[in-house]
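Please find my notes on this model below, as numbered points.

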Amino acid sequence: MKRLLAYFKFSKTEQNGFFIILVIIVLFATIYTLIKRNTREPIPNQAKLFEQSFHDSIEISSTPNKQEFNSPYVNKNESVVSISPTTDLDDEKLFYFDPNNLPHADWHKLGLSDKQIAVLKNYEKKGGRFKVKTDLRKIYSINDRLYKRLEPYIQIKTIPDSERTKQQDRAPLLYDKFERNKAELIDINTCDTTALISLKGIGSILSKRILKYKDVLGGFYRIEQLKEVYGVTAETYDLIKDYIVVANLDGIKKININKVDANSLAKHPYLSPKDAKLIVNYRDQHGSYVNIEDLTKIGTLSDLAIAKIAPYLIFENDSR
């Protein structure tokens with residue numbers, strides 16, 4: 001060792017320091033070895049048994065009367081304490097229950113949080129019902145571990161035949177209600193302002209505009225024509241469209257296209273003064289119109305304008 005130190009040209013002081021550090025290292029290594037030997041290591045089988053017991057206490061078996069652990073780590077010849085479904089879990093005791101309309105407090109006793117219970121109650125509020133045990137598993141707030149813990153205690157009551165018959169008897173009543181509502185739809189060709197004001201979104205001013213536009217048109221033939229009334233927005237139309245109908249088409253005022261003059265024809269909202277004059281001039285030059293297709297011969301009228309005005313026109317020798 002001295003030759004080695006001399007080789008590296010250590011001084012006397014440096015050599016003494018090196019020996020002191022070496023002694024400290026050897027001392028600590030010896031102490032660590034002694035402490036490690038005195039520490040008792042757990043028996044592998046006991047460690048595994050403890051681990052299995054811990055997991056089983058968290059997740060109770062799905063079979064209520066199971067008396068022993070089904071673990072490869074446990075010797076079947078050893079006596080094992082059975083865990084029954086009524087074993088306490090975080091100071092909670094399980095009990096048999098029907099998940100349908102179960103009170104909030106009872107869900108709490110079963111170990112569910114307020115958020116989990118809120119999801120269940122929201123499902124019931126929307127008309128949901130648990131018919132079989134596995135329906136509870138479909139609720140996203142119920143995880144597999146929680147379901148396996150609760151599943152042995154779920155007891156869903158069956159609906160008696162008398163109650164089921166009552167529910168079936170209610171169906172015709174709902175249909176009758178629909179029929180009554182359908183009969184109460186407002187015909188915009190025959191109604192008055194009072195009927196229109198009863199609709200959501202329609203006031204006294206707007207109801208008068210609708211009836212005035214109906215008179216100018218000569219009557220409505222489609223409910224979509226209400227969108228043409230000033231003040232009837234898309235939102236207002238969506239609110240009233242399911243409560244109105246066009247039932248009286250016989251009351252629509254017709255214009256005899258072969259007898260009307262240009263000024264009278266121009267009063268219709270679907271024709272401009274220029275369109276009315278072209279129609280009358282073409283008739284004077286080529287003779288009476290036979291049907292609606294004759295208007296396409298003018299060339300300046302769009303197909304949309306012709307389609308919109310068609311329900312309000314009659315022709316000589318027309319049977320309408």
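**Notes on the predicted model**

1. Asn100 touches Glu124, Arg129, Phe130 and Ile156, not counting residues up to four places away in sequence. Contact here means heavy atoms within 4.5 Å. Asn100 sits in the loop between α3 (44-58) and α4 (104-109). Helices (H or I, at least four residues) are DSSP runs, numbered from the N terminus. Asn100 counts as buried, at 11% relative accessibility. Buried means under 20% relative accessible area, exposed over 50%, and partly exposed in between (1.4 Å probe, protein chains only). A polar atom of the Asn100 side chain lies 2.8 Å from the backbone nitrogen of Phe130.

2. On the basis of these notes: this is a predicted model, in which local features need pLDDT of at least 70 and side-chain atom pairs count only at pLDDT 80 or more, while totals for chains, interfaces and linings use all residues. Residues are numbered from 1 along each chain as its sequence is written, and side-chain values use heavy atoms, with hydrogens and water left out.

3. Asp106 is in helix α4. Asp106 is partly exposed, at 22% relative accessibility. Asp106 and Leu94 are 12 residues apart in sequence; their C-alpha atoms are 9.9 Å apart in space.

4. Which residues have the most contacts inside the largest nonpolar core? They are Ile210, Leu265 and Ile279, in a core of 40 residues. A nonpolar core is a set of buried Ala, Val, Leu, Ile, Met, Phe, Trp, Tyr and Cys residues joined through side-chain atoms within 4.5 Å. Two or more residues of this core come from each of α9 (204-217), α10 (234-240), α12 (273-286) and α13 (303-309). α9 gives the largest share, 5 residues.

5. Now α9. It has 14 residues and reaches 20 Å from its first C-alpha to its last, close to the 20 Å expected at 1.5 Å a residue. The expected span is 1.5 Å times one less than the number of residues. Leu206, Ser207, Ile210, Leu211, Tyr213, Lys214 and Leu217 are buried in α9. Seen down the axis, these residues fall within an arc of 160°, so they line one face of the helix. The arc is that of the directions from the helix axis to the C-beta atoms. An α-helix has 3.6 residues a turn, so residues three or four places apart point the same way.

6. The face of α9 turned away from its buried side carries the exposed residues Ile205, Lys208 and Lys212. The cover over its buried residues includes α8 (193-197) and α10. Gly218 follows α9, with a positive phi near 100°.

7. α12 can be read the same way. Its 14 residues should span 20 Å at 1.5 Å a residue, and its end C-alpha atoms are 20 Å apart, which agrees. Its buried residues are Asp275, Ala276, Ile279, Val280, Tyr282 and Arg283. The face turned away from the buried side carries the exposed residues Pro273, Lys274, Lys277, Asp284 and Gln285. What covers the buried residues of α12 includes α11 (262-265). Just after α12, Gly287 has a positive phi of about 95°.

8. How many salt bridges does the structure hold? The number is 7. A salt bridge is a side-chain nitrogen of Lys or Arg within 4 Å of a carboxyl oxygen of Asp or Glu. One of them joins Glu151 to Lys133, with the closest N and O atoms 3.6 Å apart. Glu151 lies in the loop between α6 (144-150) and α7 (161-183), and Lys133 in the loop between α5 (114-125) and α6, so the pair ties together parts 18 residues apart in sequence. Lys133 is partly exposed, with a relative accessible area of 30%.

9. Two further pairs deserve a line. Arg283 and Asp284 meet in a salt bridge (3.7 Å, N to O). Arg283 is buried, at 11% relative accessible area, whereas Asp284 is exposed, at 56%. Arg222 and Glu224 also meet in a salt bridge (3.5 Å, N to O). Arg222 is partly exposed at 46%, and Glu224 is partly exposed at 32%.

Technical notes. A polar contact is a pair of N or O atoms within 3.5 Å; within protein, one must be able to donate a hydrogen and the other to accept it, and residues adjacent in sequence count only if both atoms are side-chain atoms.
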